[in-house]
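Me: I've got a protein chain up on screen and want to get my bearings. Can you walk me through it?

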Amino acid sequence: MFEDEIVDILCNDSKVDDVIVIENKECAGIVEKLNRAGVSHSIMPVDDISDQYTSINTDSYVVTINIMPLSLHGDPKYLRDEVYSNVKLMAGFSDGIFLFYGLCGNVLKRIEKDMEQLPCPVSILKDDEGKIVDDCIGAVIGGRK
């Protein structure tokens, strides 16, 4: 569901200069959707991204997409650990991180606070009242209500 939202955002944001998809077992769906939408992008392993960013003009607006497994939702603690680990990894080459997640059983309710020490801000989806959305369905329909 969030892949469609990401593609829609990229199709409608003229400020984006480049899109990089982190190559992993989960990226095929977003790559296919980006191709269908005509969104130019590159695919690379996470280990190569830091080098790529140093060669890009610092004024460029680059969006990096890291699709994580849907199966993480089966184990809330594992979901939290994996999201936190990936956020910390990506903070090393990011100016900001936006998570397309909801509360996910409340395991991500403190992520912004827990990640304050990182060199870039971390944000999660919120409704119009500033509250983290419950889940992907709530996000798409507009919030918790």
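Me: How many helices and strands are there in the protein?

Reply: There are 6 helices and 5 strands. Keep in mind that this is a predicted model.

Me: OK, and in what order do the elements run from the N terminus on?

Reply: They go α-β-α-β-α-β-α-β-α-β-α.

Me: What share of the 145 residues is buried?

Reply: Buried residues make up 40% of them.

Me: And the contacts, what share joins residues at least 24 apart?

Reply: That's 60%, taken among contacts between residues at least 6 apart in sequence.

Me: What about the surface? How much of it belongs to carbon and sulfur atoms?

Reply: Carbon and sulfur account for 48% of an accessible surface of about 8700 Å².

Me: Let's look at H1. Which residues of that helix are buried?

Reply: H1 covers residues 2-12, and its buried residues are Phe2, Glu3, Ile6, Val7 and Leu10. They sit on the same side of H1, because the arc they cover around the axis is only 140°.

Me: What covers the buried residues of H1?

Reply: The cover includes strand E1 (18-22), helix H2 (28-37), strand E3 (62-65) and H6.

Me: Where is H6, then?

Reply: Helix H6 spans residues 136-141, and isoleucine 137 is found in it. Ile137 also belongs to a nonpolar patch on the surface, together with Met1, Val140 and Ile141.

Me: How much accessible area does that patch have?

Reply: About 410 Å² for the four residues together.

Me: Switching to loops. Where is aspartate 127, and is the residue buried or exposed?

Reply: Aspartate 127 is in the loop between strand E5 (122-124) and H6. Its relative accessible area is 12%, and the cut-off for buried is under 20%, so aspartate 127 counts as buried.

Me: What does a polar atom of its side chain lie 2.9 Å from?

Reply: The backbone nitrogen of glutamate 129.

Me: And serine 94, where is that one?

Reply: Serine 94 is in the loop between helix H4 (76-91) and strand E4 (97-99). Serine 94 counts as buried too, at 17% relative accessibility.

Me: What does the side chain of serine 94 reach?

Reply: It reaches the backbone oxygen of methionine 90, at 2.6 Å.

How values were computed. Residues numbered from 1 in each chain as written. Predicted model: local features only at pLDDT ≥ 70, side-chain atom pairs only at ≥ 80, totals over all residues. Heavy atoms only, no water. Patch = residues over 30% accessible without salt bridge, like charges linked within 9 Å, V, L, I, M, F, W, Y side chains within 5 Å. Areas by Shrake-Rupley, 256 points an atom, 1.4 Å probe, with all protein chains shown as cover. Salt bridge = Lys/Arg side-chain N within 4 Å of Asp/Glu carboxyl O. Helix = DSSP H or I, 4+ residues; strand = E, 2+ residues; numbered from the N terminus. Buried < 20%, exposed > 50% of the residue type's maximum accessible area, 1.4 Å probe, protein only. Arc of directions from axis to C-beta. Contact = heavy atoms within 4.5 Å. Polar contact = N/O pair within 3.5 Å; in protein donor to acceptor, adjacent residues only side chain to side chain.
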